[in-house]
Amino acid sequence: ERWPRAPLAILASDLSTRVALKLFGQGKTADLLLLLDPILDLQRTLRDLHHRDLVEDRKAGLRFGLLNLMGLSIDADGFLDDAVAGQYVDFPSVQHDIERLRCHVRVVTTPAAGRTFVQPATMEDGLIQQLIEMLGDRAAAVSLSSPVVGEELISEKHRETCQSLIMQCKEILSPRWRTCDPVAEADLEDI
């Protein structure tokens with residue numbers, strides 16, 4: 001018997017998208033993964049953020065101690081060691097996880113101005129397109145017109161963005177929802 005009985009959608013953003021792909025590539029079940037501004041190549045992202053190859057430096061034995069990673073102070077040595085050991089650092093490891101993924105995937109990108117920490121290089125590299133091609137008809141890219149974080153959240157444009165995400169979920173999780181009543185939302189004035 002399947003648990004949960006209701007369709008399950010997982011939303012992961014930035015770095016957590018890589019963890020979600022690993023987890024659900026190892027047999028965890030979900031019906032839909034929404035990957036918001038995904039980081040698919042951790043090594044490249046860290047190189048872009050810190051202007052040096054932290055992964056290769058760590059493999060060579062350099063120690064970093066505490067490091068700011070996208071606004072969080074982390075034990076860089078432990079994080080990098082775990083990322084390498086767990087095969088989270090590069091796109092070939094993503095490809096391996098994608099080959100075993102069985103759920104639908106929507107790669108959701110937002111305007112660069114709305115991103116909080118990192119401008120993923122994955123779009124320019126074509127990594128998102130490669131991911132979508134590998135998954136075939138179970139995957140698609142969705143580009144939102146409005147950020148999902150920041151000061152612009154309480155606006156009609158943000159409401160439209162949220163509706164777009166909800167429709168992506170409806171189309172995959174339950175086609176009958178398309179004919180149901182709209183999702184109840186709070187009034188912008190009440191927010």
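Trainee: Which ring does the charged end of Lys22 sit over?
Mentor: The ring of Tyr88, with 5.2 Å to its centre. The test asks for NZ of Lys or CZ of Arg within 6 Å of the ring centre and within 35 degrees of the ring normal. Keep in mind that this is a predicted model, where local features need pLDDT of at least 70 and side-chain atom pairs pLDDT 80 or more, while totals for chains, interfaces and linings use all residues. Numbering starts from 1 along each chain as its sequence is written, and side-chain values use heavy atoms, leaving out hydrogens and water.

Trainee: Okay, helices now. At what angle do helix 1 and helix 5 pack?
Mentor: About 40°, with the axes of helix 1 (residues 16-25) and helix 5 8 Å apart. Axes are lines fitted to C-alpha atoms, over the stretch in contact for helices, and angles run from 0 to 180 degrees between N-to-C directions. Helices are DSSP runs of H or I with at least four residues, strands are E runs of at least two, and both are numbered from the N terminus.

Trainee: Which residues make that contact?
Mentor: Arg18, Leu21, Lys22 and Gly25 from helix 1, against Ser93, Val94 and Asp97 from helix 5. Contact means heavy atoms within 4.5 Å.

Trainee: And how do helix 5 and helix 7 cross?
Mentor: At roughly 25°, with the axes coming within 10 Å. That pair is therefore roughly parallel, whereas helix 1 and helix 5 are oblique. The cut-offs are under 35 degrees for roughly parallel, over 145 for roughly antiparallel, 65 to 115 for roughly perpendicular, and oblique for the rest.

Trainee: Who meets whom between helix 5 and helix 7, and which residues are involved?
Mentor: Phe91, Gln95, Ile98 and Glu99 of helix 5 meet Leu127, Gln130, Leu131, Met134 and Leu135 of helix 7. Helix 7 (residues 127-135) also lies across strand 5 and strand 6, at about 160° to strand 5.

Trainee: Switching to the sheet, what's the strand order?
Mentor: It is an open sheet of 4 strands, ordered 1-2-5-6 with parallel pairing. Strand 1 (9-13) and strand 6 (139-143) are at the edges with a single partner strand each, so one side of each has no neighbour in the sheet. On average, neighbouring strands are turned by 20° against each other, direction ignored. Pairing here needs at least two DSSP bridges between two strands.

Trainee: How many bridges link strand 2 and strand 5?
Mentor: There are 5, between residues 32-36 and residues 104-109. Leu36, for one, has Val108 as its bridge partner in strand 5.

Trainee: What do strand 3 and strand 4 form?
Mentor: A hairpin with 2 residues between the strands, and Met70 in the turn has a positive phi of about 55°. Strand 3 (residues 66-69) and strand 4 (residues 72-75) run antiparallel, joined by 4 bridges. Leu66 stands opposite Asp75 there.
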